[in-house]
Amino acid sequence: MNEDTGKGMSPDRGLTVVEKLRMLLEITRTISRSLDLDEVLGLVMDTLGSLIPYDAAGIYLVDTDDKENPFVFKSQTIRGYEIGRLYNPALKFGEGFIGRVAESGKPIISPDVGSDPRYFQARERTRSEMAAPIVSNDKVIGVFDLESDSVGAYSDDDLTMLQLLTAQVAIIIEKVRLHEQEVERKRLQAQLEIARDVQLELLPDRDPDLENFDISAYIFPTEEVSGDYYDWVKIFEDQIGIVVADAVGKGIPAALLMAFLRASLRAGVQIGYAPHIALSNVSKLLWDSVEDHQFITAIYGILDATNRTFVFSNAGHNPPLLIKPDGEHRFVEYGDTPLGMFEDVHYHQHFIRFEPGQVLVIYTDGITEATNEAGQEYGTERFARSVLAGIDLPAKKLIDHVRKGVSDFTERKFLDDDGTLFVVKAL
């Protein structure tokens, strides 16, 4: 960028206050037509010279996303600087005119920068400088800086005009940012809808029909998409594979993890892998394919109607609730490492034989960790009591009963996290 002395400096400094205000109004109208921040700042710089002459100028916006260094300029729009001597705006509070204005929120006029100890040289020809803060909601969001090749180029009247302009610029910047936030919100909402569609597409469209068993499952939805998932697949006429899982995180990444798990486990079912072998293979694939912080907790098992058995493995998931016909209950506390957490993991296999009237409930932590307004968790004991209170209900109605109990406890329609129930009742 070459020195641009002709664009900024105006030969006529004899404008009346009314003329300047009209010009300011016209500048404001011009820049308010755009919702592109770079374009807005460029329009300001291109029209400013007709109001306040300058030989070099810059608009520097504070990077509010940088928590470690709260005064780093994220955006800059400049005119009149040589490329080789381009001003480095990464100053700390109190450094140079810009740093001092950003720190204090007060403007500066320096009639002779050569004798001003606060001056930080950006260009050799500068002799006087004026800087004003751009303030929004009592917070400095940027600095407007003008430089002149003449000594004493800026007056208090010029500063008044610049401050009026910065006030308008602040409003437009906030308008642009609000628009950008709305665009981002809509983009994220679209992603969530895609993720929710993916999640729902992965779920079975009906409950399994297995002789001597009443089975039903349901995901209690949240307002966001999380990683809950359940599935069942027929292996033989008297056998089905059952999986309940919970992927870390929310949104599309969690939905994709669930899609990965579904495809991997169904492939294992077709090959005929036992649950502990199937989970070991899935864990290895996840370890090779996902980020370090991504993992899945899951229970996968095979329910055999003829032998009335459930052979399963638990990869770091919540212990399932087992209730005997006489009401005696326990949480089956067998479990190994979540899927994808380590490279080489082996899983144990566990065995349950069903008596008539016995009930197994597999769930995710969205149920037991649901909280009320006082911050109390629903908890495993309250959950067990709710299941026991509805133990004589059909599986589908038992799920509705538990769901109502959680909703009554939290006094909210939606849970903080997806909650899943998979109920297996032996008849």
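Five bridges join strand E14 (359–363) to strand E15 (residues 419–426), and the two run antiparallel. Two strands count as paired if DSSP finds at least two bridges between them. Helices (H or I, at least four residues) and strands (E, at least two) are DSSP runs, numbered from the N terminus. In E15, Val423 is the bridge partner of Val361. The model is predicted: local features need pLDDT of at least 70, side-chain atom pairs count only at pLDDT 80 or more, and totals for chains, interfaces and linings use all residues. Residues are numbered from 1 along each chain as its sequence is written, and side-chain values use heavy atoms, with hydrogens and water left out.

**The sheet around E14**

E14 also pairs with E11, in the antiparallel sense, over three bridges. There, Leu321 has Val361 as its bridge partner in E14. These strands belong to an open sheet of five, in the order E6-E15-E14-E11-E12, with antiparallel pairing. Strand E6 (213–220) and strand E12 (329–331) stand at the edges. Each has a single partner strand, so one side of each is left without a neighbour in the sheet. Neighbouring strands are turned by 15 degrees against each other on average, direction ignored.

Phe220 has Gly419 as its bridge partner in E15.

How many of the residues of E14 are buried? Five of the five are, so the strand is largely enclosed by the rest of the structure. Buried means under 20% relative accessible area, exposed over 50%, and partly exposed in between (1.4 Å probe, protein chains only). In a regular strand the side chains alternate between the two faces of the sheet. Both faces of E14 are covered. Val359, Val361 and Tyr363 are buried on one side, and Leu360 and Ile362 on the other.

Contact means heavy atoms within 4.5 Å. Helix H10 (residues 395–410) lies across E6 and E15, running at about 35 degrees to E6. Axes are lines fitted to C-alpha atoms, for helices over the stretch in contact, and angles run from 0 to 180 degrees between N-to-C directions.

**The whole chain**

The chain has ten helices and 15 strands. Of its 427 residues, 50% are buried. Among contacts between residues at least 6 apart in sequence, 68% join residues at least 24 apart. The chain exposes about 20,800 Å², and carbon and sulfur atoms supply 50% of that area. Accessible areas come from the Shrake-Rupley method with a 1.4 Å probe; for residues, only the protein chains shown count as cover.

**Salt bridges**

A search of the whole structure finds 14 salt bridges. The criterion is a side-chain nitrogen of Lys or Arg within 4 Å of a carboxyl oxygen of Asp or Glu. The table lists some of the pairs.

| Pair | Closest N and O atoms |
|---|---|
| Asp46 and Arg79 | 3.0 Å |
| Arg177 and Glu174 | 3.7 Å |
| Glu237 and Lys234 | 3.8 Å |

Asp46 is partly exposed, at 39% relative accessible area. Arg79 is buried, at 18%.

Arg177 and Glu174 are three residues apart in helix H5 (residues 156–202), separated by about one helical turn. Arg177 counts as buried at 18% relative accessibility, whereas Glu174 is partly exposed at 23%.

Glu237 counts as exposed, at 66% relative accessibility. Lys234 counts as partly exposed, at 45%. Elsewhere, Arg123, Arg125 and Asp149 are linked in a network of salt bridges.

**A nonpolar patch**

Ile271, Tyr273 and Ile277 form a nonpolar patch on the surface. Together they have about 260 Å² of accessible area. Patches are made of residues with over 30% relative accessible area and no salt bridge; like charges are joined within 9 Å, and nonpolar side chains (Val, Leu, Ile, Met, Phe, Trp, Tyr) within 5 Å. Where does Tyr273 lie? Tyr273 is in the loop between helix H6 (251–271) and helix H7 (275–289). Tyr273 is partly exposed, with a relative accessible area of 32%.
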